[in-house]
Amino acid sequence: MRVVSFITLLAVCSSLTAQSYVKVSASQVEELLRQKNDTTYVINFFASWCAPCIQELPELQAFSAEHKDEKIKLILVSLDFEEDAEEALIPLLHKYSITEPVWLLTESGNRWITRVDKHWNGSIPATLLVNHQFRKREFITQRVTRASLNQSLKNP
Amino acid sequence: MQKPIFMLLLFALVLVAAGRKKDRIVDDFQLMNVDGRMVSLSDYPNAKGFVVIFTCNHCPFAKLYPPRFNDFHAKYASQGVPLIAISSTDTVMYEEDTFTRMRAKASAEHFSFPYVWDANQTVAKNFNAQKTPHAYVIWKVKGKWVVKYNGAFDDNGAHPELVQEPYVVNAVEALMAGRAVKVPDTPSIGCQIYFRDSIKKK
């Protein structure tokens, strides 16, 4: 059931036209981290109020475009407040013509942070690379570039 | 026969070494408050400790907290634990965080606590403050200011009514009762403080 709902969620994301988002809970992000398939998920945590996050968006998009025919999937997880989404997040998605899935985390509080990575202090941007099949997991709390992400892909 | 005992001893030594984490000391400072006066920790001779919050005007997370800071200060300043809010963000990058705008915000939102400007970002560096809001509880130990807690003010920024763990209050209550702080650091989402030097280097 869970897998079905998850696949539906992904399908909904990709069928949506550009410049929109879906609301998710922290459990749904965790579910993504537990996917037992051979896809590499690149999960980027950002917010419209985070200047370095916005600066790396084009790099993430370039990385995503470069690997669009591979089993590599970029998901942008926004930490904007729900009530600010229409005013702050949507214009940003328009400005950068974001076509990748955008999830708006509706979790309040700080308990979910260490569930994503136990060493995370909550600073963003933060990017998580996971591939279940290759037992790969890299959590990056620095700014990423297309090149740095490609390097991360190559890391064991 | 001797090997297991040796291993056990080694293990015990490692445990002791790990447990003896060095106390982090922070320095006193002198920064200008929104009322035009300079503020230092030494201005409060009766303070047992302080809650020092690195915050700012512009950050959506920081904007949620001033009423809670007022409540804290109203209750604990008279018990020897005042709250001081420090703005250390880069005012070149964030125009909303200039001293003039700090004064306007403090006045509009009736800040009862000092809101001081760390223009050179030296105090934030000394504390190793990472983001806004970033709360510290410091306590006077043998004349020095020891960091006893750092992290989120409480466990829910957006919804004060859903707070389950008021981390700062818990830490202060424990210290006032002479107990150890159970949760000495916590993660939190916030706006990163950009240090101008580190930006220049890149």
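Visitor: What makes B:Asp155 and A:Arg111 a salt bridge?

Guide: The closest N and O atoms of B:Asp155 and A:Arg111 are 2.4 Å apart. A salt bridge needs a side-chain nitrogen of Lys or Arg within 4 Å of a carboxyl oxygen of Asp or Glu. The pair therefore counts as a salt bridge. This is a predicted model: local features need pLDDT of at least 70, side-chain atom pairs count only at pLDDT 80 or more, and totals for chains, interfaces and linings use all residues. Residues are numbered from 1 along each chain as its sequence is written, chains are lettered from A and ligands numbered from 1 in the order in which they are written, and side-chain values use heavy atoms, with hydrogens and water left out.

Visitor: How many salt bridges join chain A and chain B?

Guide: Two salt bridges. Chain A gives the contact (heavy atoms within 4.5 Å) 18 residues, and chain B gives 24 residues.

Visitor: Why is the pair of B:Phe50 and B:Trp145 called edge-to-face?

Guide: Over the whole structure, a search finds 22 aromatic pairs. Rings of Phe, Tyr and Trp (its six-membered ring) pair if their centres lie within 6.5 Å; planes under 30 degrees apart are stacked, over 60 edge-to-face, and the rest tilted. The centres of B:Phe50 and B:Trp145 are 5.2 Å apart and their planes stand at 65 degrees, so the pair is edge-to-face.

Visitor: What parts does this pair tie together?

Guide: B:Phe50 lies in strand β4 (residues 49–55) of chain B, and B:Trp145 in strand β9 (residues 144–151) of chain B, so the pair ties together parts 95 residues apart in sequence. Strands here are DSSP runs (E, at least two), as helices are (H or I, at least four residues), numbered from the N terminus.

Visitor: Are B:Phe50 and B:Trp145 buried or exposed?

Guide: Buried means under 20% relative accessible area, exposed over 50%, partly exposed in between (1.4 Å probe, protein chains only). B:Phe50 has 0% and B:Trp145 has 9%. Therefore B:Phe50 counts as buried, and so does B:Trp145.

Visitor: What makes B:Phe127 and B:Tyr136 an edge-to-face pair?

Guide: Their rings are 5.2 Å centre to centre, with 80 degrees between the planes. B:Phe127, at 0%, is buried. B:Tyr136, at 1%, is buried.
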